Amino acid sequence: MYVPLWPGEVYPLGARWDGRGTNFALYSENATAVELCLFDGEGHETRLPLTERDIFVWHGYIPGIAPGQRYGFRVHGPYDPQNGQRFNPNKLLIDPYAKAIDGLIGFGPEIFGYDWQAPEGDLSFSERDSAPLVPKAVVIDGSFDWQGDEPLRIPAHETIIYELHVKGFTQLHPEIPPNLRGTYAGLAHPAAISHLQRLGITAVELLPVHHFLSHPGHLVEKGLVNYWGYDSVNYFAPFSGYSASGSCGQQVREFKEMVKALHKAGIEVILDVVYNHTGEGNHLGPTLSFRGIDNAVYYRLVDGDPRYYMDFTGCGNSLNVRHPQVLKLIMDSLRYWVTEMHVDGFRFDLASALARELFAVDSLAAFFDIVHQDPTLSDVKLIAEPWDVGEGGYQVGNFPLRWSEWNGKYRDTVRDFWRGEDQTLAEFAYRFTGSSDLYQTNGRTPNASINFITAHDGFTLRDLVSYNDKHNEANGEDNRDGESHNRSWNCGVEGPTTDPEVLTLRKRQQRNFLVTLFLSQGVPMLLAGDEMGRSQQGNNNAYCQDNEISWINWDLPDENSSLLDFTRQLIFFRRQHPVFRRRKWFQGRSIRGVADITWFNPDGGEMTEEQWQVGFAKAIGIFLNGEGIVTPGPRGERILDDSFLLLFNAHYEPLEFVLPIGLQDRQWVLVIDTCKARFVEVGSHYEGDKPIQVQDRSILVLRRL
């Protein structure tokens, strides 16, 4: 069949339909030839050599090619793994700039650039055609009626993040039609949005939605899948497996409808993005896209032995962020998701890996400089997971201005505090007040700290108080995978129990964690399902469990319903009181006669330097002065709030607290007692030097009348 091929344009990369035809462009420095492969509805392939090459971009224009056209590339060049070259035209390659991908990647020997059975391993050359197993890129019509949708731009200090998995959140939801469950459309359904609104969160943080390798070989053999999605093979196309409307380009429109619906409900959309590595893995991984297009450009190869990959991620490879084209790819992707898909921010997986220009982590690496100066990204939320697995990769507190960070020290400190481990109260105080020791010196605010107790990676909140050890047997690795040091405590019995005392303590501990989280300065992040007591049966690495282990169960027993009610009340309480979500740091000194924050020991005296450093101390009182907020509101108005006294007792026995002398002249009313399943409706009153009993492992929150 004759297909006219015109020279076309170098820009933009990928496939662009202009209403009359489509321009195709692919970047490859070291290729010797590139073929554009068009597929019809029956899978028949037409190959067209792209003869135009300018500034390493192979390009061509075909009139009449319209949205819905499926395509891929075959790239010719040397197959010389020992010198970093892995071209193989027998492998159909996914366009790195494809905006939609039709279907999922299959598994078989065909997708590998080498012959599995050859004794020389990846140095061999495979002549098998991979096209039957590789999904095709799709030309799309990107037009969409946003109906006036604009970024919400919710201030950081008012943000409450809810981390969820697109499929797992709705897969079992009884009020969502079966054909929409587990999809973008399911998340946009009124029943899903109603839960988010009633909960009070302001942003959803979606686990990866970039198209990813869902069936890697090591999981296929066990009958498992890549559920979390941290193996991207493209950075523009929304994962087709989450589409209810068909995958041949329709997932783009469905994703946009989801964003529009969430925005209409006042909820921002943050994407968890994985620009540090791809799903092609190490030197023994499949050839799906970048490896076959130009291996030496897209990946960090070992100096002196480029057959192998630098691996700062533990996933087999690391993107070569030092190369201008790779930086451009990442920046083009980020801008696309903001301008075309209307997302509100990004959480960067293993972000330290992006800073590695040589081997060390450099917080002023080119990637961060470019992001910092980019006008499109200036208003979006940027969140780093501030570590990778390489040497020096733990970089909590070291990211640049405008970046927030998952605060791993907050997680660890709060977990240790409530399980009764010895640590200084000073450490707890830093975490509770926004971690000024990590973020203040470089000009950032408390909202640089994304506070979390649990996340997708690790125990759920219920499992955190129910298991001392991980139970990952279902993953098929003899329980060797996953973190072994979880800072968890099972409250006396491992796993499920009918012991009423243990169950009561576990419920209280969950409330302790939640109250600590939502009353801390900084940005709180809640793991989806923790508000309903979701369990993964002790599995702390459920990355491969696309089943009831990971999906949220909406059939709530009474105890889980009460926890949901408590969490809703708690989030509303935080949003109601600006004293718990300050924009700036506490000053710790007298403001209008009373300090903005004061720390007390149980006898009512101010904490001494010696008491701050005592490791065995497990109790502290915190006075938050609602009249001591010096930063003005959005219109310059003075912010006034109630004042609160928070009494923390992580000791295994009850303790009596005495009101500080300077706070005995007013009445105080109890509003939260974590020994109770709900907020206190008619609270006890305290005044003078009357002692206040705080039960073991519990929190009291008192409001000044």
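Predicted model: local features only at pLDDT ≥ 70, side-chain atom pairs only at ≥ 80, totals over all residues.
What covers the buried residues of helix 8?

## Helix 8 and its cover

Helix 8 runs over residues 366-373, and its buried residues are Phe 367, Phe 368 and Val 371. Look down the helix axis and these buried residues fall within an arc of 90°, so they line one face of helix 8.

As for the opening question, the cover includes helix 7 along with strand 15 (345-348), strand 16 (381-384) and strand 17 (403-406).

## Helix 6 against helix 7

Helix 7 (residues 324-339) turns up again with helix 6 (residues 290-298): their axes come within 10 Å and cross at roughly 120°. That angle is why helix 6 counts as oblique to helix 7.

On the helix 6 side, the contact is made by Phe 290, Val 297 and Tyr 298, while helix 7 brings in Gln 325, Val 326 and Leu 329. Sort the residues of this contact by class and you get five nonpolar, one polar and no charged.

## Helix 9 against helix 10

Next up are helix 9 (residues 408-418) and helix 10 (residues 425-432), with axes that come within 9 Å and cross at roughly 130°.

Helix 9 makes the contact through Lys 409, Tyr 410, Thr 413 and Phe 417, and helix 10 through Leu 425, Glu 427, Phe 428 and Arg 431. By class, this contact of helix 9 with helix 10 has four nonpolar, one polar and three charged residues.

Conventions:
Residues numbered from 1 in each chain as written. Heavy atoms only, no water. Axes fitted to C-alpha atoms, helices over the stretch in contact; angles between N-to-C directions. Helix = DSSP H or I, 4+ residues; strand = E, 2+ residues; numbered from the N terminus. Parallel < 35°, antiparallel > 145°, perpendicular 65-115°, else oblique. Contact = heavy atoms within 4.5 Å. Nonpolar A, V, L, I, M, F, W, Y, C, P; charged D, E, K, R; others polar. Buried < 20%, exposed > 50% of the residue type's maximum accessible area, 1.4 Å probe, protein only. Arc of directions from axis to C-beta.
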